[in-house]
Amino acid sequence: MPKDVAVIGVGQSYFVRGYEGSIRELAFEAFREAMQDAGITTKDVDASVFCSAPEYDKQRSPAGVLAEYLGLIPQPTFYIETVCSSSSTGVKVAYSMIKSGLHDVVVVLGFQKMSEITSAESQERMGRGADIQWEAPFGTMMPAYYALYAQAYMAKNGLTHEDLMNVRLKSATYGQINERAVYRKGVKPEDFDPKNPDARMAGLVAWPLRVGDACANADGSSCVILANAEKAKIFSKKPVWILGIGAASEAVNMASRPDFSKGLSVGYKAAEQAYKMAGVTPKDIKVAEVHDCFTIAEIMAYEGLGFAPMGEGKQLIREKATYKEGPIPVNVDGGLLSKGHPIGATGGSQIRTIVLQLRGEAGPMQVPGEPDIGLVHNVGGVGLYGNVTIFGR
Amino acid sequence: MGFEKFGRKSFTGMTKTGKFVDFLSEGKVEGTVCKKCGARYFPPRADCAACFSSDMDWFEMPKKGSLETFTIAYYAPYGFEKDCPYSMGVVDFGNNLKLFARLSSDLKPEDIKVGMDVSVRPVQYDDGQLSFEIVKV
């Protein structure tokens, strides 16, 4: 089990609709918290990596602009993008920068201000995160793509709309106790009932997925500070080590995808690498954050990560196994569904949650039993990119 | 050239596979096949990823496949709102050949089932745009 690179500081802004500030000010919120958490100054930072999905704000080449605002010049800085998994990719790159010996302490900052454009414009941009030559001309969008997976999965594995709803009820349970979440309301089964005229979650977006099956757009930032073993021991009383990292990619066009009922290939390919590197198995994971951009994505992730056999992910939600008190707590911070999904900030926010859990500092969201190993699963696009990262004390 | 005519709204003006649109106007949905190693591609590619050859030929897609999955969009991205609702799906023709497209608008939602036999045909919209769509056999 390698203990070469540690997380020494984490931060996250509140995830909100309509952040009242610019992207540099949004970035500063997560950065300040992570720096204070690490107890270091900007002079201790060797390099910075900025992560977001382009075209939500007007700034081209944001790394230099944000590095200046955060006080991180003249150190080297650059931009990393894998849409929704940008900041976990940033962490992988920063890990490599440190492991190579080139740098000692690297800041990874994820940000996204989605509220500068309308929801329909946002869907159009997200659709163009897929195949613009051969698919976007049909009017594709993220919910429709995930709906293709949901429909195939439901037809083969007996997954029901009620199962999907139960994933949303779980995330809402924890969204209510996470003060940084964008969606803090509770959700009840009647909110999904099409016969109920006030049902907030029942409207169809892309069959079989409904409003309540989709995550919330948000503005937000996240920050993860990584250090080599020597610096981690100097700066941090509770370093959390990166034990394993896996990453994979998949064909962009749906016509080139394997069996849709088996979920996203990047999930299980990245997981296999991360487990192997860390020398652990799915049974060793005490708490996990998975990429629940849609309810179906959480069910598929259970299987891709080996928490449930193929086709049996529904059992975990039926048995409440992924609740805080269950054998494998998943997304107990509200997940993307309730905490919100500010694209470029999401991976770093997931990592922050797991780091706090492993330090025993997750407050009302803390899972019992002093978890020692946690996992983050972060997917970009419709399973175009996937990162799985395993952390340990 | 001419690829702006593809689909409800094209985001690509120029591609070496632009002849695909000419085939649509002739009533054919075609993929590409590598003359050197025989690898077949849909959507079409100008270059073979298997052997690096750029010497490609065209072949007509099979007439019969199975609907692997589908969705019905009740919400559309910017620029597609007028078409709502519309369905899209993936056809599996076997032999590692699949296709993604809209389903024909004359198919009712309740008539669309995973696993049903389907075919594919070109379609021309009122504004002259050319595409292809999935139809029930």
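My entries follow, starting with the ground rules.

**Ground rules.** I am working with a predicted model, where local features need pLDDT of at least 70, side-chain atom pairs count only at pLDDT 80 or more, and totals for chains, interfaces and linings use all residues. Residues are numbered from 1 along each chain as its sequence is written, while chains are lettered from A and ligands numbered from 1 in the order in which they are written.

**Confidence.** I checked pLDDT, the predictor's confidence in each residue, from 0 to 100. Chain B averages 95, and 99% of the residues score at least 70. For the complex, the predictor gives an ipTM of 0.97 and a pTM of 0.97.

**Where the chains meet.** I counted two residues as in contact if their C-beta atoms, placed from the backbone, lie within 7 Å. The contact draws 33 residues from chain B and 30 residues from chain A. On the chain B side, the elements giving two or more residues are β4 (65-73), β5 (86-92) and β6 (98-103). Strands here are DSSP runs of E, at least two residues, and helices are runs of H or I, at least four, numbered from the N terminus. I also sorted that side of chain B by class and got 20 nonpolar, 7 polar and 6 charged residues. In this scheme Ala, Val, Leu, Ile, Met, Phe, Trp, Tyr, Cys and Pro count as nonpolar, Asp, Glu, Lys and Arg as charged, and the others, Gly among them, as polar.

**Strands across the contact.** Two strands pair if DSSP finds at least two bridges between them. Strand β5 (residues 204-207) of chain A pairs with β4(B) in the antiparallel sense over 2 bridges, and Ala206(A) stands opposite Ala73(B). Within chain A, β5(A) also pairs with β6(A), antiparallel over 2 bridges. There, Leu204(A) has Arg210(A) as its bridge partner, and a hairpin of 1 residue joins β5(A) to β6(A).

**Cys215(A).** Is Cys215(A) buried or exposed? It counts as buried because it has 27 C-beta neighbours inside 10 Å; the cut-offs are 20 or more other C-beta atoms within 10 Å for buried, 12 or fewer for exposed, and partly exposed in between, with C-beta atoms placed from the backbone. I found Cys215(A) in the loop between β6 (209-210) and β7 (219-228) of chain A. Leaving aside neighbours within four places in sequence, Cys215(A) is in contact with Asp292(A), Cys293(A), Phe294(A), Leu336(A), Leu337(A) and His341(A).

**A sheet in chain B.** I traced 3 strands in an open antiparallel sheet, ordered β2-β1-β3. Since β2 (40-41) and β3 (56-60) stand at the edges with a single partner strand each, one side of each is left without a neighbour in the sheet. Strand β1 (residues 30-34) pairs with β3(B) over 5 bridges, with Gly31(B) opposite Phe59(B).

**Helix α12(A).** The 14 residues of α12 (residues 346-359) should span 20 Å, and the end C-alpha atoms are 20 Å apart, which agrees. The expected span is 1.5 Å times one less than the number of residues. I noted that 13 of the 14 residues are buried. Just after the helix, Gly360(A) takes a positive phi of about 75°.
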